[in-house]
Amino acid sequence: MLLCGTDNNRDVMAFPKNLMAVDPMSKAPGNVSEEALDAVGICLKAE
C-alpha cells in the first residue's frame, strides 16, 4: 500500500477475497476430489 500510494489494501493484494472469504476467480476454498488428493499424496483422516 505504501509503495503504491493507495489507502486500500484490496488494490494491492495478490489473492483478494470477497466478504464471504472466497476468491472470486478460483472459487477457493472449495472441495477437492479424491483423485486430486491421491495425485499429490494427501490422505484425509476422520477426527
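Q: Where does aspartate 23 lie?
A: In this predicted model, aspartate 23 belongs to the segment before helix H1, which spans 34-40.

Q: Why is aspartate 23 called buried?
A: The relative accessible area of aspartate 23 is 13%. Buried requires a value under 20%, and therefore aspartate 23 is classed as buried.

Q: What makes the pairing of the side chains of aspartate 23 and serine 26 a polar contact?
A: The distance given for these two side chains is 3.1 Å. The cut-off is a pair of N or O atoms within 3.5 Å, so the pairing with serine 26 qualifies as a polar contact.

Q: In which segment is threonine 6 found, and is threonine 6 buried or exposed?
A: Threonine 6 is located in the segment before H1. Its relative accessible area is 17%; because the limit for buried is under 20%, threonine 6 is buried.

Q: Which residue's side chain is joined to that of threonine 6 by a polar contact?
A: The partner is aspartate 11, at 2.8 Å; this value is within 3.5 Å, so the polar contact is assigned. Leaving aside residues up to four places away in sequence, threonine 6 touches Met1, Asp11 and Val12.

Q: Why is cysteine 4 called exposed?
A: Exposed means over 50% relative accessible area. Cysteine 4 has 59% and therefore counts as exposed.

Q: What makes cysteine 43 exposed?
A: Cysteine 43 has a relative accessibility of 64%, and the threshold is over 50%, so the label exposed applies to cysteine 43.

Q: How many disulfides are counted?
A: With sulfur atoms required to be within 2.5 Å, the count is zero disulfides.

Terms used: Residues numbered from 1 in each chain as written. Predicted model: local features only at pLDDT ≥ 70, side-chain atom pairs only at ≥ 80, totals over all residues. Heavy atoms only, no water. Helix = DSSP H or I, 4+ residues; strand = E, 2+ residues; numbered from the N terminus. Buried < 20%, exposed > 50% of the residue type's maximum accessible area, 1.4 Å probe, protein only. Polar contact = N/O pair within 3.5 Å; in protein donor to acceptor, adjacent residues only side chain to side chain. Contact = heavy atoms within 4.5 Å.
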